[in-house]
Structure formats: structure tokens, C-alpha cells
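I opened this entry to record what I looked up in the structure, going from the arrangement of the chains down to single residues. The structure comes first, and my notes follow.

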Number of protein chains: 2
Amino acid sequence: MKKKDFVVVRYGHRDVRDYRVTSHCALVSRAFGASKMIVCESRDEIAENTIKGVNENWGGNFKVEFIQDWREVVLKLKKSGYKIVHLTMYGMQVQEVEKKLIKLNKIAIIVGSQKVEKEVYELADYNVSVTNQPHSEIAALAVFLDRVQQGKELDKKFLKSKLKIIPQEKGKKVINTKK
Amino acid sequence: MKKKDFVVVRYGHRDVRDYRVTSHCALVSRAFGASKMIVCESRDEIAENTIKGVNENWGGNFKVEFIQDWREVVLKLKKSGYKIVHLTMYGMQVQEVEKKLIKLNKIAIIVGSQKVEKEVYELADYNVSVTNQPHSEIAALAVFLDRVQQGKELDKKFLKSKLKIIPQEKGKKVINTKK
């Protein structure tokens with residue numbers, strides 16, 4: 001089976017107010033098996049450092065990049081064979097569209113925040129909603145990644161991790177593999 | 001079939017820094033079919049007003065309550081027949097535990113934020129992780145609610161909504177039912 005690749009494109013990050021949301025998006029992208037998040041706005045050291053620290057402790061090689069021009073990013077991804085999925089509450093229902101998307105090997109997922117330009121809807125191959133209700137781009141991203149991978153990402157191993165959790169019924173068990 | 005009920009308990013909300021996260025948790029709880037969120041900390045008017053506005057426009061009767069003492073909340077829910085699920089990266093893997101949880105009719109889901117007291121792990125019937133990786137309580141909540149309802153929440157209708165989205169392949173279509 002061909003290896004799948006998921007890239008997350010964070011559109012319209014608005015400094016202060018959004019820094020936690022962007023950090024959450026990055027952590028979710030990593031935890032749910034994406035290889036990279038591209039943030040299309042001003043450099044966000046908080047999100048960057050959060051991911052750096054998480055990679056060091058918990059492994060894997062998830063990356064965060066900052067490229068201002070979202071159009072350039074999306075067109076480049078399209079050229080490299082990625083299908084573009086734009087998550088929006090106005091889109092087609094994920095439970096309908098996912099049957100097609102599950103078969104794709106390269107998906108770039110645009111996650112909006114503030115008002116999204118009309119062109120994003122036009123450039124996207126699929127505009128997809130996770131519920132047609134207002135909620136959270138972090139939640140939509142996680143549920144989308146879970147459904148499009150049919151839960152397989154939940155068994156993902158993160159290479160070169162320093163820390164590793166042994167799931168417990170009560171309490172916490174973390175082993176330090178470097179000790 | 002007996003109607004299922006999901007209540008979300010937000011543990012340890014820390015004013016300023018967390019207000020957006022709490023709002024996102026509330027919106028996710030509502031959109032993914034929970035009936036109520038109980039916030040175990042200081043009253044948060046932003047989260048409260050966000051939900052009020054969303055209910056008015058988008059329907060349903062999701063509620064947010066504020067009760068300081070989380071222990072009181074959890075014990076009362078237990079007494080009323082709710083099984084307590086505590087979402088934590090240290091818990092048993094959701095893909096394993098969900099087979100049991102899918103059968104339950106009343107689940108209260110504890111969503112932590114800052115450091116969680118040991119007693120939460122003890123009082124919970126199930127400590128459950130959505131990936132054993134650090135990410136976002138908002139994402140964990142959404143994926144948990146999606147999996148435990150086997151996606152049925154995605155077809156939920158919200159009664160008495162003023163606005164209603166008609167899913168589109170491109171662009172937005174919202175109808176105002178009160179006009």
C-alpha cells in the first residue's frame with residue numbers, strides 16, 4: 001500500500017488571539033498523523049517552540065512552516081498531486097464525502113480561522129463540513145483526520161521518542177527511553 | 001432504542017488563558033450532540049454568551065452550567081447513572097475501550113486543562129486517551145464524541161434554529177427560517 005501523506009494549511013492566523021488555537025492545530029496535526037503544517041501568516045514562535053519541544057520528547061518529525069502567501073502554498077500543493085480539502089461549516093458533509101477521500105494518498109487540508117476568501121472555496125477540490133454547525137477548527141481537523149484514515153492514525157508510532165506512555169486504567173505511566 | 005445522553009464536565013478552567021478553549025469545548029459539545037457542559041470553575045461570560053448566541057441562531061437547547069466543586073458534580077452524575085469517562089493522554093486507548101462505551105446510555109466526559117488531581121483518575125470509571133500523544137482537549141472531546149456515537153451525531157437536527165446551512169460543493173448557502 002502506498003504511504004499516505006497529509007499536510008495541514010493554517011489559513012489566516014491572527015497573532016495574539018489565535019496563538020493557542022494555532023498551537024492546538026499543530027499538535028493535533030502531529031498527533032493525528034499529518035507530516036506538516038504550513039501557517040500562512042506571521043511567524044508564530046509559540047506554536048513553533050511548542051512543536052519543537054513536543055517532537056523532542058514525544059518523537060516523530062512533524063514540521064511547522066511559515067509561508068505568508070496561502071495561494072502560492074495551495075497552488076504548489078496542487079501541482080505536487082495533493083487534493084485540497086477545505087474544512088468549512090458550509091461544505092459537503094464529511095460522512096458523505098469521506099468515501100471518496102479515503103482512497104486518496106495525498107491530501108492538503110485547509111483550516112481557516114477568520115473570514116475565508118471566496119477563492120479558497122474555489123481552489124479547493126472539496127469543501128467539507130464536520131457537522132454544519134459552528135464549533136472549532138481544531139475539532140473539525142481532528143475528526144476529519146480520524147475519519148479519513150479510518151482510525152489507523154490512532155496506532156501510529158512516533159520514532160525516536162524520549163518519552164512513551166504505557167496506557168493505564170488509573171493513573172499515569174510514562175517511560176523515559178533515553179535513561 | 002433508549003435515548004443517549006452525554007454531559008461534558010470541564011475541569012479546571014483558568015480564566016483569561018483558557019477562555020477560548022472553554023468556548024471551543026462548549027461549541028464542540030453542542031455540535032457533537034452533548035446536552036450540557038458543566039464548567040467547574042469561575043463563571044465565564046464569554047463561553048456563556050457564545051453558546052447563547054449560537055443556540056439562538058442555530059437551534060437546540062444545549063446548556064452551560066457553572067459549578068465550582070468538580071467532586072460534587074462527578075458524584076452527583078454517578079448517582080444519576082452516568083458512567084464517568086476522563087479524557088487523558090495517559091488512559092486506555094479509545095480504539096480499545098470504545099467497544100464497551102458504545103453500549104452505554106449515559107456518559108459524563110471529564111475534560112481537563114491544567115494539571116488534574118489524582119482523584120479524578122480514581123473517580124473515573126474509564127480513563128481514556130485519544131492517541132497517547134499531547135495535543136488538544138478540544139480535539140480529544142470531538143473525536144471521542146464522534147467515535148462513541150459511531151458518527152450518528154453528524155446527522156443530528158437542531159430544533160428551532162433560525163439559520164440552517166444547505167451544504168454546498170463551493171461557497172455558502174444559509175437559509176433564514178424565520179424570515
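**Symmetry.** I began with how the two copies are related, and found that chain B is superposed on chain A by a rotation of 180 degrees with 0.0 Å of shift along its axis, at an RMSD of 0.0 Å (copies are superposed by least squares on the C-alpha atoms of residues with pLDDT of at least 70 in both). That is the relation of a two-fold axis. Looking for the residue of chain B that comes closest to the rotation axis, I found A139(B), whose C-alpha lies at 2.3 Å.

**Ground rules.** I note that this is a predicted model, in which local features need pLDDT of at least 70 and side-chain atom pairs count only at pLDDT 80 or more, while totals for chains, interfaces and linings use all residues. Residues are numbered from 1 along each chain as its sequence is written, and chains are lettered from A and ligands numbered from 1 in the order in which they are written.

**Interface.** I then looked up the contacts between the chains, where 41 residues of chain B are in contact with 41 residues of chain A (contact means that the C-beta atoms of two residues, placed from the backbone, lie within 7 Å). Among the elements that give two or more residues to the side of chain B that touches chain A are α1 (15-31), α2 (45-58), β4 (83-93) and α6 (137-148) of chain B; helices (H or I, at least four residues) and strands (E, at least two) are DSSP runs, numbered from the N terminus. The largest share of that side, six residues, comes from α1(B). By class, the side of chain B that touches chain A has 21 nonpolar, 14 polar and six charged residues, where Ala, Val, Leu, Ile, Met, Phe, Trp, Tyr, Cys and Pro count as nonpolar, Asp, Glu, Lys and Arg as charged, and the others, Gly among them, as polar.

**Fold of chain A.** I counted six helices and eight strands in chain A, and reading along the sequence I wrote down the pattern β-α-β-α-β-α-β-α-β-α-β-α-β-β. The radius of gyration of chain A is 16 Å, close to the 16 Å that the globule rule gives for 179 residues, so chain A is as compact as a globular protein of that length (the radius is taken over C-alpha atoms, and the rule is 2.2 Å times the number of residues to the power 0.38). Of the 179 residues of chain A, 46% count as buried; a residue is buried if 20 or more other C-beta atoms lie within 10 Å of its own, exposed if 12 or fewer, and partly exposed in between, with C-beta atoms placed from the backbone.

**Core.** The largest nonpolar core has 104 residues, and those with the most contacts inside it are V9, I109 and L141 of chain A and V9, I109 and L141 of chain B (such a core is a set of buried Ala, Val, Leu, Ile, Met, Phe, Trp, Tyr and Cys residues joined through C-beta atoms within 7 Å).

**Helix α3(A).** In this helix, residues 70-79, I found W70(A), V73(A) and V74(A) buried. They cover an arc of only 90 degrees around the axis, which puts them on the same side of α3(A) (the arc is that of the directions from the helix axis to the C-beta atoms). The cover over the buried residues of α3(A) includes β1 (5-11), β2 (36-40), β4 (83-93) and α5 (118-123) of chain A, whereas the face turned away from the buried side carries the exposed residues R71(A), E72(A) and K79(A). After α3(A) comes G81(A), whose phi is positive, near 95 degrees.

**Single residues.** Q150(A) has a positive phi of about 50 degrees although it is not a glycine; I placed Q150(A) in the loop between α6 (137-148) and β7 (163-165) of chain A, where Q150(A) counts as exposed, with 10 C-beta neighbours inside 10 Å. I175(A), in strand β8 (residues 174-176) of chain A, touches K164(A) and I166(A), not counting residues up to four places away in sequence.
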